[in-house]
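The sequence and structure are shown first.

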Amino acid sequence: INPNTDTRAEEAIFSENIFVSANNVTIDGIMFTGAARLMGGETGCSDVVIKNVWSKGSTVNPAAENSGTAPFYFYSSTEGVVFKNLTFFQIRMSDRTDGRPMAMVLGRVENLTIKDSQFVGKRSNYNDAIKLGNDGSGFGVKGNVEIVGCHFENFAQYVLWFLHYSEGTYSIQNNTFLNCGQTSSAHCAIRFADYAGADAGLSSIE
């Protein structure tokens with residue numbers, strides 16, 4: 001049941017990390033809270049679908065002990081690790097109360113879809129919504145990338161931050177940005193920062 005549009009009945013609620021290390025995995029219709037994260041495994045994974053999942057009241061805080069992280073976390077700095085064909089559909093993050101809350105940190109992702117989802121943070125300085133790439137090693141995202149029909153609210157820095165992006169086709173369509181931005185200069189709705197692909201690579205951005 002879509003957590004953004006419908007009332008959900010009693011459901012499984014996780015308060016510890018959930019690791020996705022296998023390929024061809026679908027996670028459908030759960031809630032997780034507190035310090036729990038939905039994470040990609042250390043060796044990567046492919047063909048993973050996360051849908052109808054609600055991160056409610058997360059305490060994962062990039063400014064505290066788990067720096068550079070978020071409740072949805074598919075990231076690695078290890079050479080050769082790839083998260084391939086990731087789909088997030090009808091996701092929700094809400095009820096944040098603390099710190100510098102981000103929704104997603106993704107890295108070394110090849111082919112990414114984020115559709116029809118809502119991400120509501122607690123507006124504080126320098127909190128991003130979705131960060132693609134983190135420490136500069138390798139690529140953040142490449143291939144076919146779609147971020148379509150999503151709602152972003154109460155994020156103060158880069159709502160969509162393509163920190164390291166490579167060759168691919170990028171479609172960013174029909175998204176809503178509400179009450180985002182801050183008074184300092186380091187903020188915008190979408191930022192394409194460092195191109196990390198081959199010199200001969202081409203990216204199409206719409």
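## Cysteines

The structure is a predicted model, and the count of disulfides in it is zero. A disulfide is a covalent bond between the sulfur atoms of two cysteines. The cut-off used here places the two sulfur atoms within 2.5 Å.

For Cys 150, the closest cysteine sulfur belongs to Cys 180 and lies 13 Å away, so a bond is ruled out by distance. Cys 150 is buried, at 1% relative accessible area. For Cys 188, the closest cysteine sulfur is also in Cys 180, at 11 Å, which is too far for a bond. Cys 188 is partly exposed, with a relative accessible area of 27%.

## Salt bridges

Three salt bridges are found in the whole structure. In one of them, Arg 8 pairs with Glu 11, with 2.5 Å between the closest N and O atoms. Arg 8 is buried, its relative accessible area being 15%.

Lys 51 and Asp 28 form another salt bridge, at 3.9 Å from N to O. This pair links distant parts of the chain: Lys 51 sits in strand β6 and Asp 28 in strand β3, 23 residues apart. Both are partly exposed, Lys 51 at 27% relative accessible area and Asp 28 at 41%.

Glu 79 bridges to Arg 108, with the closest N and O atoms 3.9 Å apart. Here too distant parts of the chain are linked, 29 residues apart: Glu 79 lies in the loop between β8 and β9, and Arg 108 in the loop between β11 and β12. Glu 79 is exposed at 69% relative accessible area, whereas Arg 108 is buried at 4%.

Methods: Residues are numbered from 1 along each chain as its sequence is written. This is a predicted model: local features need pLDDT of at least 70, side-chain atom pairs count only at pLDDT 80 or more; totals for chains, interfaces and linings use all residues. Side-chain values use heavy atoms; hydrogens and water are left out. Buried means under 20% relative accessible area, exposed over 50%, partly exposed in between (1.4 Å probe, protein chains only). A salt bridge is a side-chain nitrogen of Lys or Arg within 4 Å of a carboxyl oxygen of Asp or Glu. Helices (H or I, at least four residues) and strands (E, at least two) are DSSP runs, numbered from the N terminus.
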